[in-house]
Amino acid sequence: MTANEIRDSFKSFFESKGHQIVPSAPMVVKDDPTLMFTNAGMNQFKDIILGNHAAKYRRVADSQKCLRVSGKHNDLEEVGHDTYHHTMFEMLGNWSFGDYFKKEAISWAWEYLVDVLKLNPADLYATVFEGSADDGIERDNEAASIWEQFLPKGHIINGNKHDNFWEMGDTGPCGPCSEIHVDSRPAAEKALTPGAQLVNKDHPQVIEIWNLVFMQYNRKADHSLEPLPAKVIDTGMGFERLVRTLQGKTSNYDTDVFQPLLTAIGNMAGMKYGANEKTDIAMRVVADHIRTIAFSITDGQLPSNAKAGYVIRRILRRAVRYGYTFLGFKQPFMYKLLPVLLDNMGNAYPELLTQRTLIEKVMKEEEDAFLKTLETGIRLLDKIISDTKAAGKKEISGVDGFVLYDTYGFPLDLTELILRENGMAVNGQEFNSEMQKQKQRARNAASVETGDWMTLDEGETHFVGYDYTEYETRILRYRQIKQKNQTLYQIVLSDTPFYAESGGQVGDSGVLCSEFETIEIVDTKKENNLPIHIAKTLPTHLDAPMMACVDTEKRDACAANHSCTHLLDEALRQVLGTHVEQKGSLVTPDSLRFDFSHFQKVTDEQLREVEHLVNAKIRQNIPLTEYRDLPIEKAKELGAIALFGEKYGDEVRVVQFGSSIEFCGGTHVSATGKIGMVRILSESSVAAGVRRIEAITGAKVEQMLDTMEDTMRTLRGLFNNVPDLNVAIRKSIEENASLRKQVEDFMKDKVVACKNELQGKATEVNGVKVIKSILPLPADAVKDIAFQLRAEAMTNLLVVLGTMQFDKPMLTVMLTDDLVKRGLHAGKMVREAAKLIQGGGGGQPHFATAGGKNAANLKEAIEKVVELAGL
């Protein structure tokens, strides 16, 4: 079976068992503060598992694209070194939300592996949770007894809490799990060592392929467990590992998932996969990482220097660095592999095909930029090596190694490789110390203490904010959180008009009022699809009926900016072409930001045309047409534009302003006239193929026009209110340029005269000409004179000049090469002399400068240099 056939067979099997087959969620997670990437198949069902929303389907199955770069066996720096761990991977999974449990999950797993896929039962092992005295849980005898119907007892192995007790986080749903392992070793090895002894021992041929999680507990903040009201089955099978097992390979990279990529990489590098361990690792790194990068860009996450974008940039740079170091790729190469990836995965994930041009352009630009950074880093390392050798050492500082890693993207092993070639090493202890400091800083910044939810009433939150900004409500539950020395409270309401931050729009703020008190809501966030109201204080009367009141001024400003992004989207497509797609947005009360796909700078004329089109739509006062709970197929028939990288349900909300029709969950104006007016402030590049427009609307435009008018009035006043300000400014600039030229010409004459005068005053000491003086000239003119004197003298010359720069004394020292060869060093001399003017400096052996604070001792400092020269 091919990889694609195996994927389809899994879905078909569970469909036959009454499961709804759902599409993969995007790999990039939006609207979940606890996650940047989908790292498990269950992520898209978190809100159901947590009980925030009822399940539409009680049985579900899918193939989910996932990304892991940390955690058990998933350190990024290890990927490529073994044969079965990856950054991006597919997870085949089946779920039950309060329907079937252990019996069916285990039986169907066995049926699929043995009866459908024909795996040898003798090669299969199952682990069960051994129990925990700390948690008061006995061994999972229920799962073990079910396994005994299929496996001999010797193939059922007890597993510890680390391997066989799954937890969503520090708190929340959890439970025992049962892993299925397969032994793919040759028969001779199996005869020597039973597979049971190698389960969970990191043997490359005895690996876990499927994990069946039985969620039956809830972990509280005090670490105690309570039974989960509705039990959940959550299974995950590593697709790449399953393919490897079925195709009889000993490495995931030997399967048809990776072989086309590895062949293409080998052809480009003029190397053969399997010929050399170092180049094999590099090829595996590139083959693994290109999948991650392509899927991330497709799902809307571009490489950047922050959060999820930084993770993607690190992964891309790691691949480029391996290609550069071990495969000889000195020019961008990864983007050329994209056609191979699309041929292999485009049918299963058609979104890759749609975003092909964007992926190629982003990859190439990122590769170009990093290759330049690599060259800069290598030059810096060469200097560090040179300085270290000059000091008679063979080990560079770990601090220097960490700067290379942190600033220039140089992983430690690349630094070590270059150092080894020079017979040197890096202080690994110092490097690790710096790395730990950085990690601790990050942990401290992100550390959050979360209390248990205190439940006052059962029920789900109903959002009423499309129709109301004030609504009667009650508190369902609350909890305390502590972050950055601040205590906040998260409150869940039965009904809320507060819009929770999502889709690029910031969350509402406002107040909760009861007859006893008024509590400020500072923000509203979404956590696992649940609106969370954040307050600095907790109501004292928690069970009192309350009125939830949104800050309408902020809401109206956000709505105007959000509606404006829709009109901008449509206008950009009209002016630039239908290739324009939204790639992100930020909607706040003060401004809007809109990112879109386009492969060149938008001209000023095009921006003005876009702005005029949007303002025309605003003046038409087009009313909002809103469709709620519209079947997604109907929405597509309407021509509604969907955002790439977003996961939509079977029913969606559509927002329409005339010919602008988009999928959207945000708040909007009732008619375009309420936007007032739009003014585009800037247009810039975010990444290859992605542009960004920043704009303001309504009262903010009015404020900007007032500021511009005030500025113009001030400027006219400066030019005596001339009728044509443009002509007056041009004339002033031209006169200034002419005067500057005159000053430069005067300064050139002055430099020549000064140089000639200094040559006439030169004294000779022990065969060396000494020129020393304090000059009333700027520092750059003094430097010019020093170099001219050196060029004309050629040998036996010491120049020591002082000057005043911005009321601060400056010292300049110049030596001819023969004096440098005798052991004189301008940098060392000037550094010592600068102490007399309460300053410091340095430079090269032949030329150096210093600055200070004490002008009174400038002459004394000049004499000190002459003394240090031994003259």
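This is a predicted model: local features need pLDDT of at least 70, side-chain atom pairs count only at pLDDT 80 or more; totals for chains, interfaces and linings use all residues.
**Stop 1: H10 and H15**

Start by selecting residues 307–326, which form helix H10, together with residues 412–421, which form helix H15. Their axes come within 11 Å and cross at roughly 15°. An angle under 35 degrees counts as roughly parallel, so H10 is roughly parallel to H15. The crossing of H10 past H15 is left-handed.

Now show side chains. On the H10 side, pick Arg321, Tyr322, Thr325 and Phe326; they meet Asp413, Leu414 and Leu417 of H15.

**Stop 2**

Next, go to Asp556, Ala559, His668, Val669 and Ser670. Among the 17 lining residues of the second largest pocket, these are the closest to its centre. The pocket holds about 300 Å³ of space.

Which helix gives the most to this lining? Select 552–576 to see helix H17: H17 contributes four residues, the most to the lining. Coloured by class, the lining shows six nonpolar, five polar and six charged residues.

**Stop 3: H21 and H22**

Move on to helix H21, residues 725–761, and helix H22, residues 779–793. Here the helices pack at an angle of about 50°, and their axes are 10 Å apart. H21 and H22 are therefore oblique to each other. Look along the pair and you will find that H21 passes H22 in a right-handed crossing.

For the contact itself, select these two groups:

- from H21: Met747, Val751, Cys754, Lys755, Leu758 and Gln759
- from H22, the residues they meet: Ala781, Asp784, Ile785, Gln788, Leu789 and Glu792

By class, the residues of this contact are seven nonpolar, two polar and three charged.

**Stop 4: H24 and H25**

Finish with helix H24 (residues 826–833) and helix H25 (residues 858–868). How are the two helices oriented? Their axes cross at roughly 135° and come within 9 Å. That angle makes H24 oblique to H25, because roughly antiparallel would take an angle over 145. The crossing of H24 and H25 is right-handed.

Show Met829, Glu832 and Ala833 on H24, then Ala861, Lys864, Val865 and Leu868 on H25, and you have the residues that meet. This contact has five nonpolar residues, no polar ones and two charged.

Terms used. Residues are numbered from 1 along each chain as its sequence is written. Side-chain values use heavy atoms; hydrogens and water are left out. Axes are lines fitted to C-alpha atoms, for helices over the stretch in contact, and angles run from 0 to 180 degrees between N-to-C directions. Angles under 35 degrees count as roughly parallel, over 145 as roughly antiparallel, 65 to 115 as roughly perpendicular and the rest as oblique. A crossing is left-handed if the near helix is turned anticlockwise from the far one by less than a right angle, and right-handed if clockwise. Contact means heavy atoms within 4.5 Å. Ala, Val, Leu, Ile, Met, Phe, Trp, Tyr, Cys and Pro count as nonpolar, Asp, Glu, Lys and Arg as charged, and the others, Gly among them, as polar. On a 1 Å grid over the protein atoms alone, a cavity is a set of points where a 1.4 Å probe fits but cannot get out, and a pocket is an open set with protein on both sides within 12 Å along at least five of seven lines; lining residues have an atom within 4 Å of a point. Grid points are joined across faces, edges and corners, and a volume is the space filled by probe spheres set on the points.
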